[in-house]
Amino acid sequence: MNYLFTPPATVAVPVVGETAQFPVHRIYCVGRNYEEHAKEMGFTGREPPFFFLKPADALIVVPAGDTGEQPYPSLTHNFHHEIELVVAIGTGGKNIQAADAMKHIYGYAVGLDMTRRDLQNEMKKQGRPWCIGKAFDHSAPIGPITPVAQAGDVAQAEIALDVNGQVRQISTVSKLIWNIAETIEHLSAAWELQAGDLIYTGTPEGVAAVVPGDVLTGHVAGLGSLSVKIV
Ligand code: MN
């Protein structure tokens, strides 16, 4: 193929215990998927799941044991952390039923859905798309992917985030409003999932602002940890 300019490289995430990396197709994100976070955002109840996307090249890939650099983005004065369990799809499909969903999963990772909250809130107020608040450059730090067989019981795992050593968010994945299988069912009714898709499954309560110099360390039990420094 003869291109006008060099095509962008495929974004890929390292895999625990593998030399081959996981090539990323799309990043789907679930909104308000823990009850206590929905409440702190001003909502209650079990609404149908809803989704937004981030571009694959918004990932900040942080190898095991490293601290990634998270640039403080432009235009915001209220830059929030959201610690999330990330599901890595290994086998695509559409209209996947929840009962069949788990076999489509390759593995799991720890991710941060970084958010320009002031811009997101302004877009919400005006009924406009969230892209500027959610889908900006470097908005999706992620740690290595742990294959399902080595990940333990992720559905019951603790999920937590410290900022400068102080706990900001702590919950368990069992508190997801729409669990992993139900999320895949809903998502695959709207889009055909493909191998390489990542799903950020939502954040528990405790979201708050960070500033340059802050060090964020998140974990999901069984998946290791993810650290970034705001620069
Ligand atoms: Mn989120």
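This is a predicted model: local features need pLDDT of at least 70, side-chain atom pairs count only at pLDDT 80 or more; totals for chains, interfaces and linings use all residues.
Visitor: Why is the contact between K134 and D113 called a salt bridge?

Guide: The side chains of K134 and D113 meet at 2.9 Å, N to O, and because the cut-off between a Lys or Arg side-chain nitrogen and a carboxyl oxygen of Asp or Glu is 4 Å, the pair counts as a salt bridge. K134 belongs to helix α4, while D113 sits in the loop between β9 (105-112) and β10, so the pair ties together parts that are 21 residues apart in sequence. Both K134 and D113 are buried, and salt bridges with shared partners join K54, E82, D113, R117 and K134 into one network.

Visitor: How many salt bridges does the structure hold, and what do R32 and E47 link?

Guide: The structure holds 9 salt bridges, and in one of them the side chains of R32 and E47 meet at 3.0 Å, N to O. That pair links distant parts of the chain, with R32 in the loop between β3 and α1 and E47 in the loop between α1 and β4, 15 residues apart.

Visitor: What makes K39 and E36 a salt bridge, and where do they lie?

Guide: Their side chains meet at 3.4 Å, N to O, and the limit is 4 Å, so K39 and E36 form a salt bridge. Both K39 and E36 lie in helix α1, 3 residues apart, about one turn of the helix. An α-helix has 3.6 residues a turn, so residues three or four places apart point the same way.

Visitor: How do you know that the buried residues of helix α3 are on the same side of α3?

Guide: The buried residues of helix α3 (residues 117-126) are R117, L119, Q120 and M123. They cover an arc of only 160° around the axis, which puts them on the same side of α3. The elements covering these buried residues include α1 (35-40), β7 (79-80), β10 (115-116) and α4 (131-134).

Visitor: What makes β13 and β14 count as paired strands?

Guide: Strand β13 (residues 158-163) and strand β14 (residues 166-172) have 6 bridges in the antiparallel sense, and since at least two bridges are required, they count as paired. V163 has Q166 in β14 as its bridge partner. The two strands form a hairpin with 2 residues between them, and N164 in the turn has a positive phi of about 50°.

Visitor: In which sense does β3 pair with β4, and in which sense with β15?

Guide: Strand β3 pairs with strand β4 (residues 51-54) in the antiparallel sense over 4 bridges, with V30 opposite F51, whereas β3 and strand β15 (residues 198-200) pair in the parallel sense over 3 bridges, with C29 opposite Y200.

Terms used: Residues are numbered from 1 along each chain as its sequence is written. Side-chain values use heavy atoms; hydrogens and water are left out. Buried means under 20% relative accessible area, exposed over 50%, partly exposed in between (1.4 Å probe, protein chains only). The arc is that of the directions from the helix axis to the C-beta atoms. Contact means heavy atoms within 4.5 Å.
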